[in-house]
Amino acid sequence: MADRTEIVIHPVSPRGGRKVTAHVLGVDADLGRAFTPADVSEFLRRAGLEDVDLSEDGPIRWEGGGPEVWTRDI
């Protein structure tokens, strides 16, 4: 079975922003803390994962809300 790339955008943290992680070729990597979809795109570009669909229908697993959620509901 071939290893597949998995990208996870975690829920908004208490400090703000969303942690972005990737599992690529058997390696887990913390790509950074994103505050906007543009941040996610830049982290993915730097990781060599350009042109990734950021929608909820794309290859990203959005936890705690989709690409429109960037603040915590208190």
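Which residues is Ile-60 in contact with, leaving aside its neighbours within four places in sequence? In this predicted model, the contacts of Ile-60 are Ile-7, Ile-9, Val-40, Leu-44, Val-52, Asp-53 and Leu-54. Four of these names return in the core. The largest nonpolar core holds 13 residues, and Ile-7, Ile-9, Val-40, Leu-44 and Ile-60 touch the most other members. At least two residues of this core come from each of β1, β2, α1 and β4. Helix α1 gives the largest share, 3 residues.

Four strands form an open sheet in the order β3-β2-β1-β4. The pairing is mixed. Strands β3 (27-34) and β4 (60-62) are the edges of the sheet. Each has a single partner strand, so one side of each lacks a neighbour in the sheet. From one strand to the next, the twist averages 20°. Helix α1 (residues 37-46) packs on the sheet and touches β1, β2, β3 and β4. The direction of α1 makes about 145° with that of β3.

Strands of a sheet pair through backbone hydrogen bonds, either parallel or antiparallel. Here, β1 (residues 6-12) and β2 (residues 18-24) pair in the antiparallel sense, over 5 bridges. Ile-7 stands opposite Ala-22 in β2. Further along the pair, Val-12 has Arg-18 of β2 as its bridge partner. The two strands form a hairpin with 5 residues between them. In its turn, Gly-16 has a positive phi of about 100°.

Strands β2 and β3 also run antiparallel, joined by 7 bridges. Ala-22 has a partner on this side too: its bridge partner in β3 is Ala-29. The hairpin of β2 and β3 has 2 residues between the strands. Leu-25 takes a positive phi there, near 50°.

Thr-21 lies in strand β2. Its relative accessibility is 17%, and buried means under 20%, so Thr-21 counts as buried. The side chain of Thr-21 makes a polar contact with the side chain of His-10, at 2.9 Å. Beyond its neighbours within four places in sequence, Thr-21 is in contact with Glu-6, Ile-7, Val-8, His-10, Ala-29, Asp-30 and Leu-31.

Val-40, Phe-43 and Leu-44 are the buried residues of α1. Seen down the helix axis, they fall within an arc of 95°, so they line one face of α1. An α-helix has 3.6 residues a turn, so residues three or four places apart point the same way. The cover over the buried residues of α1 includes β1, β2, β3 and β4. The face turned away from the buried side carries the exposed residues Ala-38 and Arg-46. After α1 comes Gly-48, with a positive phi near 80°.

Ile-60 ties these descriptions together. Its contacts include Val-40 and Leu-44, both buried in α1. They also include Ile-7, which stands opposite Ala-22 in β2.

Notes:
Residues numbered from 1 in each chain as written. Predicted model: local features only at pLDDT ≥ 70, side-chain atom pairs only at ≥ 80, totals over all residues. Heavy atoms only, no water. Pairing = 2+ DSSP bridges. Axes fitted to C-alpha atoms, helices over the stretch in contact; angles between N-to-C directions. Contact = heavy atoms within 4.5 Å. Core = buried A, V, L, I, M, F, W, Y, C linked by side-chain atoms within 4.5 Å. Buried < 20%, exposed > 50% of the residue type's maximum accessible area, 1.4 Å probe, protein only. Arc of directions from axis to C-beta. Polar contact = N/O pair within 3.5 Å; in protein donor to acceptor, adjacent residues only side chain to side chain.
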